[in-house]
Amino acid sequence: MSYIGQSVKRTEDRRFTTGKGKYTDDIKLPGMTYAHIVRSEYAHARINSIDTSAALAAEGVVAVFTGDDVAHIRGVPCGWQVNFKDGTTMKEPAHPLLCAVGTTVKHVGDGVAMIIAESRAAARDAADLLVIDYEVFPAVVNGAEAIKDGAPLVHDEAPNNMAFDWAIGCSPEEINAAMDSAAHITTLDFVNQRMAPNAMEPRSALGNYDDAMDSYTLWTTSQNPHLTRLLLCAFVLGLPEHKVRVVAPDVGGGFGSKIFHYTEEALVIWASKAIGRPVKWTSTRTEAFLTDAHGRDHVTKAEMGFDTEGNVVGLRINTVANLGAYLSTFAPAVPTYLHGTLLQGLYTTPKIRIDLVGAFTHTTAVDAYRGAGRPEATYLLERLMDKAAIEMGKDPAQLRLQNFIPPFDGVTQPGYQTQVALQYDSGNYHAVLERGLEMVGYEAFRKEQAEARANGRYLGIGFSTYIEACGIAPSAVVGALGARAGLYESAQVRVQPTGKVSVYTGSHSHGQGHETTFAQVVADKLGIAMADVEIVHGDSDAVAFGMGTYGSRSLAVGGSAIIKSIEKVLEKGAKIAAHKLEANVDDLEYADGKWTVKGTDKSVGFGDVSLTAYVPHNYPAGLEPGLDFSSFYDPTNFTYPFGCHIAVVEVDVETGKVKLNRFIAVDDVGNVINPMIVDGQIHGGLAQGIGQALLEGVQYDETGNLTNASYMDYCMPRADDLPMFETDRTTTPCPHNPLGVKGAGEAGCIGSTPAVVNAVMDALTPFGVLDLEMPMTPQSVWRAIQSKTEGCSA
């Protein structure tokens with residue numbers, strides 16, 4: 001049976017749907033204590049003093065630690081370096097585990113003390129007994145305002161609050177000449193608003209020091225347990241790696257926010273040794289809003305130039321990316337190498353330049369959130385394209401088709417070299433848009449739209465065609481770009497004597513269905529049953545090393561590492577089979593779980609060969625026993641999924657309410673292992689992207705207080721906000737990995753947001769509304785209509 005391409009039900013769902021999943025907060029150890037982090041209520045203030053005496057005396061309290069107790073510990077490091085244009089080193093202020101007396105807190109939620117007690121309730125109650133004297137200073141929360149002269153400084157060592165400035169593309173002279181030659185220039189000033197990740201499971205960390213073994217175990221809600229161990233050992237606590245075990249058990253969603261190493265992970269490990277007992281910390285939902293790394297938050301001015309025929313001649317961009325108060329693990333890479341390098345989009349734009357500043361503010365750190373830079377690039381390009389179509393009186397679909405890169409497969413034709421460093425692997429961009437037009441019934445919709453407008457109903461259609469870079473690598477390239485880690489993946493395939501297979505992968509699932517998809521790949525390649533395959537992940541003691549799951553890399557990188565190990569298993573198995581069959585290895589072929597001598601019915605099964613490998617009585621001379629192989633796979637290039645998303649909306653001009661009537665997504669993610677899982681990934685991404693367009697956004701007031709840090713105030717999409725999604729796929733295999741896969745985890749979130757915004761703008765064209773900031777709430781839409789209606793004011 002072939003498993004690849006089949007919609008196999010997820011095997012891991014049985015434990016999740018029956019309540020048998022095991023998450024970090026489910027773990028209970030003998031003598032376990034509970035930690036509560038006392039956090040600053042101010043965005044910018046000096047700690048003059050902390051009186052812990054009353055808290056220490058409270059019932060059930062085991063210990064109280066402040067920043068002075070951990071001041072000797074190095075702070076949490078950043079994992080990516082982006083230097084200034086002139087080569088000056090990036091500003092990288094320390095991120096302490098807790099802020100000490102005499103230092104300043106940098107954002108609301110910054111940790112100032114840790115209370116450890118016999119119960120969560122006792123720890124939280126004791127927090128009210130701490131007496132902290134703050135001297136409050138002015139704060140700055142907007143990245144563009146932060147880099148202006150006179151703005152409050154977040155860090156003394158970062159003048160003008162600049163972490164770095166950066167550029168990519170052609171020279172200033174070249175882009176200016178290209179724009180000067182344009183017959184038409186479309187300009188867009190916009191904010192890609194800050195987003196909270198809102199994973200279903202809040203972050204949690206449990207640290208345990210074993211005095212007898214002088215070793216540490218950390219259970220944590222991580223997408224990347226091996227990286228957490230590396231940073232803990234090499235940078236933060238200075239511990240030997242063989243003395244530290246990091247386990248990420250079942251993880252309830254991440255969307256990027258659980259890639260990073262957080263202060264709480266180091267604190268519970270350190271505190272466990274300090275008090276001689278296990279220490280657990282679990283975030284509340286409000287803490288999650290305040291401390292989980294946020295996403296997006298760009299302030300941008302973008303200009304796209306066209307010639308008289310409507311061909312793009314240049315793209316000029318200036319962006320300020322808000323990085324928050326501290327540099328999170330991959331924060332510098334997101335607005336630069338995951339955003340700036342994707343500004344070619346699907347278009348043949350000959351001249352591109354972006355100038356970007358990474359700014360510190362008195363806000364929560366900003367890092368990768370589903371899509372991570374790719375949604376920001378796509379939003380910029382696709383909003384410009386639709387606005388330009390309106391301004392030039394052109395059809396938005398035809399304008400895109402006119403400017404698309406021609407089809408190429410990356411095999412018979414070379415990959416497409418962009419103007420912003422990357423080389424696309426393969427693509428047929430016309431096909432996804434043409435399929436989307438067919439699915440939506442474009443010509444019929446335009447007729448329906450005209451009739452509806454004549455009757456006072458305002459329908460709109462919006463397009464978004466996107467490309468993303470996934471499976472980020474090779475390591476040598478990303479290292480040259482500032483990465484402080486390799487971006488390969490590892491896999492061990494261990495064949496047991498009975499022919500059952502255990503796979504140890506450095507990728508880590510937090511909802512993607514790895515235990516199903518990886519098992520499908522292994523079962524298909526070995527010709528065995530999926531039930532005979534075990535997938536092990538998330539434990540640094542079980543898996544030698546790994547780089548985790550993010551950036552839609554699991555199959556393209558982790559799956560390819562598994563394939564490499566399978567190939568080694570089959571190569572050695574063929575030698576054993578040839579010996580048993582008294583044949584030459586070159587005369588064998590492998591299919592359906594057995595080796596057969598070509599042209600004969602002589603064969604030996606996978607299970608027989610597996611047993612022989614471990615009971616080597618009749619065995620090839622000089623061949624070592626066992627059937628167990630490990631591999632590391634470092635890709636030769638990124639993979640580049642692409643697609644077309646189309647939104648159809650109706651705007652109620654009396655209330656400003658936007659109703660999403662239809663949503664069409666045609667994606668090309670390369671070869672598909674499990675269509676049902678891919679559809680699920682697309683659906684989830686669409687919901688998040690639509691949420692950004694219409695509902696979501698983190699809001700700070702001018703003092704740095706996060707004003708919507710709860711689900712009563714932060715609006716998440718619900719089922720009745722969304723239509724039934726209409727999905728389809730084209731297939732353009734990746735030419736450089738053995739599975740031909742590209743990645744699907746982020747696609748829905750990348751293309752959907754501008755499609756919805758473009759649809760609303762299309763509906764509001766009769767009113768002369770050409771742009772609106774997200775989220776497009778009923779209030780903001782209604783005000784925009786009123787501002788354009790004669791005799792009314794906003």
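This is a predicted model: local features need pLDDT of at least 70, side-chain atom pairs count only at pLDDT 80 or more; totals for chains, interfaces and linings use all residues.

The entries below go from the cores to a helix pair and then to a single helix.

I looked up the largest nonpolar core and found 153 residues in it, with Ile-115, Phe-663 and Leu-764 having the most contacts inside. I then checked which helix gives the most to this core, and it is α18 (residues 747-763), with 9 residues. I also listed the contacts of Phe-663 beyond its neighbours within four places in sequence, and among them are His-645, Ile-646, Leu-686, Ile-690, Pro-723, Phe-725, Ser-752 and Val-756. Apart from this, I found a second, separate core of 43 residues, which includes Ala-523, Ile-535, Val-569 and Tyr-619.

I looked up how α15 (residues 554-581) and α16 (residues 606-614) pack, and their axes are 10 Å apart at an angle of about 90°. The two helices, α15 and α16, are therefore roughly perpendicular to each other. On the α15 side I listed Val-569, Gly-573, Ile-576, Ala-577 and Lys-580, which meet Phe-606, Val-609, Thr-612 and Ala-613 of α16.

I checked the length of α11 (residues 429-440): at 1.5 Å a residue its 12 residues should span 16 Å, and the end C-alpha atoms are 17 Å apart, which agrees. I found Tyr-429, Val-432, Leu-433, Gly-436, Leu-437, Met-439 and Val-440 buried in α11. These residues cover an arc of only 165° around the axis, which puts them on the same side of α11. Last, I noted that Gly-441 follows α11 and has a positive phi, near 70°.

Notes
Residues are numbered from 1 along each chain as its sequence is written. Side-chain values use heavy atoms; hydrogens and water are left out. Helices (H or I, at least four residues) and strands (E, at least two) are DSSP runs, numbered from the N terminus. The expected span of a helix is 1.5 Å times one less than its number of residues. Buried means under 20% relative accessible area, exposed over 50%, partly exposed in between (1.4 Å probe, protein chains only). The arc is that of the directions from the helix axis to the C-beta atoms. A nonpolar core is a set of buried Ala, Val, Leu, Ile, Met, Phe, Trp, Tyr and Cys residues joined through side-chain atoms within 4.5 Å. Contact means heavy atoms within 4.5 Å. Axes are lines fitted to C-alpha atoms, for helices over the stretch in contact, and angles run from 0 to 180 degrees between N-to-C directions. Angles under 35 degrees count as roughly parallel, over 145 as roughly antiparallel, 65 to 115 as roughly perpendicular and the rest as oblique.
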